[in-house]
Amino acid sequence: MEEKEVLSALSDKGYQAAIGQTVMGTLQPKGALLSPMARATKVKVHYLTFNDEQEIIVLPLSFWGKLVPEEIYAIPLSDVASMAIKNRGLYYKMVIKYHNHAYRKKDVYQVNKWIAKHPWQKTNVAAIVERLQKQLAV
């Protein structure tokens with residue numbers, strides 16, 4: 001999928017996004033007691049856009065890998081208590097903890113450093129990780 005398709009879906013719903021601000025991440029399922037098979041069925045793939053309007057826009061994908069624009073939502077950075085990015089070799093582990101959020105306490109994403117059908121992932125991940133690490137260091 002082209003990055004422009006993702007940006008088009010976001011702009012159609014009124015969200016601000018630009019080239020280089022989006023990465024694909026896999027939301028890790030909650031529940032350590034789940035079997036590996038049950039956990040695999042609960043994995044959700046999202047596009048995460050870190051825009052300049054102090055929010056994270058989440059665009060879910062269907063089981064078949066199609067965009068689901070009806071389910072787009074934004075998380076204001078004011079709701080984020082902390083964010084950590086850990087290098088795990090082939091991917092980054094991104095942990096986002098929330099305060100004052102009605103439905104979430106913590107999200108854990110696996111953000112691959114590169115994806116074969118998404119050539120833009122590699123450059124976007126590097127730029128976003130660098131930007132977030134600078135923000136987190138402050």
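## A walk around the seven-strand sheet

Start by colouring the strands: seven of them form an open sheet in the order E4-E3-E2-E1-E7-E6-E5, with antiparallel pairing. Two strands pair here if DSSP finds at least two bridges between them. Helices (H or I, at least four residues) and strands (E, at least two) are DSSP runs, numbered from the N terminus.

Next, select 73-76 and 80-87. These are strands E4 and E5, which stand at the edges with a single partner strand each, so one side of each has no neighbour in the sheet. Across the sheet, neighbouring strands are turned by 30° against each other on average, direction ignored.

A word on what you are viewing: this is a predicted model, in which local features need pLDDT of at least 70 and side-chain atom pairs count only at pLDDT 80 or more, while totals for chains, interfaces and linings use all residues. Residues are numbered from 1 along each chain as its sequence is written, and side-chain values use heavy atoms, with hydrogens and water left out.

**Stop one: E2 and E3**

Select 44-50 and 55-60. Strands E2 and E3 run antiparallel and are joined by 5 bridges.

Axes are lines fitted to C-alpha atoms, for helices over the stretch in contact, and angles run from 0 to 180 degrees between N-to-C directions.

Then show helix H3, which also packs on the sheet, touching E1, E2, E5, E6 and E7 (106-112). The direction of H3 makes about 85° with that of E1.

**Stop two: E5 and E6**

Go to the hairpin of E5 and E6. These antiparallel strands are joined by 7 bridges, and methionine 83 stands opposite isoleucine 96 in E6. Between the strands are 3 residues, and glycine 89 in this hairpin takes a positive phi near 90°.

**Stop three: tryptophan 120**

Select tryptophan 120, which lies in helix H3. Is this residue buried or exposed? Tryptophan 120 is buried, with a relative accessible area of 9%; buried means under 20%, exposed over 50%, and partly exposed in between (1.4 Å probe, protein chains only). Leaving aside neighbours within four places in sequence, tryptophan 120 is in contact with Met1, Glu2, Glu3, Thr22, Val23 and Tyr47.

**Stop four: the cavity**

Finally, select Val23, Tyr92, Met94, Val111, Val125, Ile128 and Val129, which line the largest cavity. On a 1 Å grid over the protein atoms alone, a cavity is a set of points where a 1.4 Å probe fits but cannot get out, and lining residues have an atom within 4 Å of a point. The structure holds 1 cavity of 30 Å³ or more, and about 40 Å³ of space lies in the largest one. Grid points are joined across faces, edges and corners, and the volume is the space filled by probe spheres set on the points.

Which helix gives the largest share of the lining? H3 does, with 3 residues.

Conventions
On a 1 Å grid over the protein atoms alone, a cavity is a set of points where a 1.4 Å probe fits but cannot get out, and a pocket is an open set with protein on both sides within 12 Å along at least five of seven lines; lining residues have an atom within 4 Å of a point. Contact means heavy atoms within 4.5 Å.
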